[in-house]
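Please keep the structure open beside you as you read.

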Amino acid sequence: MTLKVSQRAASVSPFIVMDVMRAAYEREVQGQNIVHLEVGQPSTSAPKGVIEAAKSALDRDRIGYVDALGIPALRERIARHYADIYGLSLPAERIVVTQGSSGAFLLSFLSSFEPGDRVALAAPGYPAYRNILSALGFEPVDLLADIEHKFQPTVELLRNAGRVEGLILASPSNPTGTTVSETEMRALAHYCGVHGIRLISDEIYHGILFGGATVTAAAYSDSGIVINSFSKYFSMTGWRLGWMVVPPDMLRAIECLAQNLFISAPALSQLAAIAAFDCKDELDGHVRRYRENRDLLLAGLPKTGLDRLTVPDGAFYLYADVSHLTNDSREFCRRMLVEAGVATTPGLDFDRQRGHGTLRISFAGATAEMAEAARRLAAWKR
Ligand SMILES: Cc1ncc(COP(=O)(O)O)c(C=O)c1O
């Protein structure tokens, strides 16, 4: 007898970029050369210092289960990072090490919301937020953010959303790379504080910034949760490691959830990640390349007809308005892949209402690939 898949699982939306990656891979298997502008991850490995630390940890450590909240030395090192980067003094006890920021979403959503709670988030935004919220029985509430406000939530949008229990903020954002200013962060944190809304700030793209200073919600909200990760600036996606800064009164509940859901985050990754904070020169070199890639595409893409681009402050994405070229971004991206050999992600992944007219271009790859993509798109007879 075949048993049915639960309604909850069956209704989870796909992460479309993963489908694009598969389609691009299938074309490569058939012999087509593809330039990958769909992939939202660094093209580099972990920094050398991390790899060395991992090798030495393998030689001396058993690599067993560790504390559910994280290895103390790593929690302390992360706390020091807040002092170094933001001038913020945080006790290491408030740091919780997680399985990437993805693990932190589970822990923060489960520890913050009751079934049926409404949680606001910007559209366009990272698709997993809404898909995880839905899978867990919470209701994502789209804040239709506009280019005038850099596609970021505003107090006004939040006020117009009706009663919500949470706000998810991402600065720099995926897919736009835009940031919220200190003034906006302060205003949003204040509004959330006054109205009993849990602010959850995804700061995974901190460190990849092309000017200005990144603002952490940890400096503005006592009740908020900050989420970060080793995946992007630290170039360690596959090590599956992230962290949260949590209010002290949530610690025990989060610890119990983490014990039961994960036992612990990967021990080898934790032991190695302590070294990541001392690899600034290598990692800042990647950021310089991202900036070069961004500038190259901002100069080159308008000549190909992709001339409505959001200028990113950070991360490694360009968000393109292609509504003058198509009303079906999925088909547009499919044709771009097949006919021009350039893989990008349809905007529908990030904005269900307006994403049929947008796409995301990732510039995390090599600079030569960006130049090749611009050349191919200029030659593409749409
Ligand atoms: C905004 C954002 N948050 C979280 C993640 C997930 O990252 P992690 O590897 O830390 O789970 C991503 C991955 O692309 C992302 O873009």
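1. Let us begin with Glu26, which lies in helix H2; helices (H or I, at least four residues) and strands (E, at least two) are DSSP runs, numbered from the N terminus. Glu26 counts as partly exposed, at 42% relative accessibility. Here buried means under 20% relative accessible area, exposed over 50%, and partly exposed in between (1.4 Å probe, protein chains only). From Glu26 to Asn131 there are 105 residues in sequence and 26 Å in space, C-alpha to C-alpha.

2. A word on what you are looking at: this is a predicted model, in which local features need pLDDT of at least 70 and side-chain atom pairs count only at pLDDT 80 or more, while totals for chains, interfaces and linings use all residues. Residues are numbered from 1 along each chain as its sequence is written, and side-chain values use heavy atoms, with hydrogens and water left out.

3. Next, the largest pocket, whose volume is about 500 Å³. Its lining comprises 28 residues, and the closest to the pocket centre are Phe15, Met18, Gly40, Tyr126 and Lys232. Helix H2 (16-29), H5 and helix H6 (127-135) are the elements that give two or more residues to this lining. For the method, a 1 Å grid is laid over the protein atoms alone: a cavity is a set of points where a 1.4 Å probe fits but cannot get out, whereas a pocket is an open set with protein on both sides within 12 Å along at least five of seven lines, and lining residues have an atom within 4 Å of a point. Grid points are joined across faces, edges and corners, and the volume is the space filled by probe spheres set on the points.

4. How enclosed is H6, and by what? Seven of its nine residues are buried, so H6 is largely enclosed by the rest of the structure. The buried ones are Pro127, Ala128, Tyr129, Arg130, Asn131, Ile132 and Leu133. Their cover includes H5, strand S3 (118-123), strand S4 (139-144), strand S5 (166-170) and strand S6 (198-202). After H6 comes Gly137, with a positive phi near 90 degrees.

5. Within helix H5 (residues 100-112) you will find Ser108. Ser108 counts as buried, with 0% relative accessibility. Neighbours within four places in sequence aside, Ser108 is in contact with Ile200, Ile225, Ile227 and Met244, where contact means heavy atoms within 4.5 Å.

6. Helix H4 (residues 72-86) passes a simple length check: at 1.5 Å a residue its 15 residues should span 21 Å, and its end C-alpha atoms are 21 Å apart, which agrees. The expected span is 1.5 Å times one less than the number of residues. Buried in H4 are Leu74, Arg75, Arg77, Ile78, Ala79, His81, Tyr82 and Tyr86. Among the elements covering them are strand S2 (95-98), strand S7 (225-229), strand S8 (242-245) and helix H10 (267-273). Just after H4, Gly87 has a positive phi of about 65 degrees.

7. Arg77, in helix H4, deserves a look of its own. Arg77 is buried at 8% relative accessibility. Which residues does Arg77 contact, leaving aside its neighbours within four places in sequence? They are Asp84, Ile274, Phe277 and Asp278.

8. Now for a sheet: four strands form an open sheet in the order S9-S10-S13-S12, with antiparallel pairing. Strand S9 (309-310) and strand S12 (345-346) are the edge strands, each pairing on one side only. Two strands pair if DSSP finds at least two bridges between them. Strand S10 (residues 317-321) and strand S13 (residues 358-362) run antiparallel, joined by five bridges, and Asp321 stands opposite Thr358 in S13. S12 and S13 are also antiparallel, over two bridges; there, Thr345 has Arg360 in S13 as its bridge partner.

9. S13 itself is mostly covered, with five of its five residues buried. In a regular strand the side chains alternate between the two faces of the sheet. Both faces of S13 are covered: Thr358, Arg360 and Ser362 are buried on one side, and Leu359 and Ile361 on the other.

10. Finally, the cysteines. Taking a disulfide as a pair of cysteine sulfur atoms within 2.5 Å, the count comes to zero disulfides. Cys279 is buried, with a relative accessible area of 8%, and Cys333 is buried too, at 5%.
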